[in-house]
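Look through the sequence and the structure below before reading on.

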Amino acid sequence: MSYLIDALKEATIGSIQSIKQISIIVIPIMLAMEILKDMGLLDRIADWFSPVVRIFGMKKESAFPLVIGIIIGLSYGAGIIFKAARENKLPKKDLYLITYFLVAAHAVFEDTAIFAALGVSAVLLLSTRLAVAALFTFLASKFLKALERGETNELTTKERI
């Protein structure tokens, strides 16, 4: 029984420490995002990356959460992605595509730096991850578009029943 109590104590303390560490990073990022938004810089960032997200058929407002996820990763970027999704009323399709892209290319700068320190070519690793993420997201966007138009050979739920 004491093992269970010790495990619960350790899990509780570990969880609180993790929340504290995430808060130390996420809260300043959220504050910076609000300041950038008030200064109109979020719109500029969205404008700069809008040609990229439009390739995937996404709204230009999807650019900022995508860039945040690429730079700081899913763990720390999730709060910002959720907030941007709510504020900009991003469609589910855009949220799916952001997620698809970030599956292959989250925290690319951090990971690239770690692997470069181990001797991996940073340029090759970064370009490969971004290219795979872009290709995967592009194909997913075409598939989702076909689903919207009903052009897939998949049976719908009603047809299966």
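D111 is buried, since its relative accessible area is 19%; buried means under 20% relative accessible area, exposed over 50%, and partly exposed in between, with a 1.4 Å probe and protein chains only. The model is predicted: local features need pLDDT of at least 70, side-chain atom pairs count only at pLDDT 80 or more, and totals for chains, interfaces and linings use all residues. Residues are numbered from 1 along each chain as its sequence is written, and side-chain values use heavy atoms, with hydrogens and water left out.

The side chain of D111 meets that of R129 in a salt bridge of 3.1 Å, N to O. A salt bridge here is a side-chain nitrogen of Lys or Arg within 4 Å of a carboxyl oxygen of Asp or Glu. This pair links distant parts of the chain, 18 residues apart: R129 is in helix α6 (residues 122–149) and D111 in helix α5 (residues 108–117). Helices (H or I, at least four residues) and strands (E, at least two) are DSSP runs, numbered from the N terminus. R129 is also buried, at a relative accessible area of 15%. Side chains of opposite charge can pair when their charged atoms come close.

How many salt bridges does the structure hold? There are 3 salt bridges in the structure. One of them joins K60 and D47, whose closest N and O atoms are 2.6 Å apart. K60 is partly exposed, with a relative accessible area of 24%, and D47 is partly exposed at 38%. Another salt bridge pairs K83 with E87, the closest N and O atoms being 3.5 Å apart. Here both residues belong to helix α3 and sit 4 residues apart, about one turn of the helix. E87 counts as partly exposed because its relative accessible area is 36%.

The loop between α2 (41–55) and α3 (63–87) also holds S62. Is S62 buried or exposed? S62 counts as buried, because its relative accessibility is 0%. Its side chain is joined to that of D94 by a polar contact of 2.8 Å. A polar contact is a pair of N or O atoms within 3.5 Å; within protein, one must be able to donate a hydrogen and the other to accept it, and residues adjacent in sequence count only if both atoms are side-chain atoms. Apart from neighbours within four places in sequence, S62 is in contact (heavy atoms within 4.5 Å) with V53, L90, D94 and I98.

L4, by comparison, lies in helix α1 (residues 2–39) and is partly exposed, with a relative accessible area of 48%.

Now the chain as a whole. It has 7 helices and 0 strands. The radius of gyration, taken over C-alpha atoms, is compared with a globule rule of 2.2 Å times the number of residues to the power 0.38. The radius of gyration of the chain is 20 Å, well over the 15 Å that the rule gives for 161 residues, so the chain is more spread out than a compact globule. Its C-alpha atoms fill a box of roughly 60 × 50 × 40 Å along the principal axes. Of the 161 residues, 26% count as buried. Among contacts with a separation of 6 or more, 64% are between residues 24 or more positions apart.
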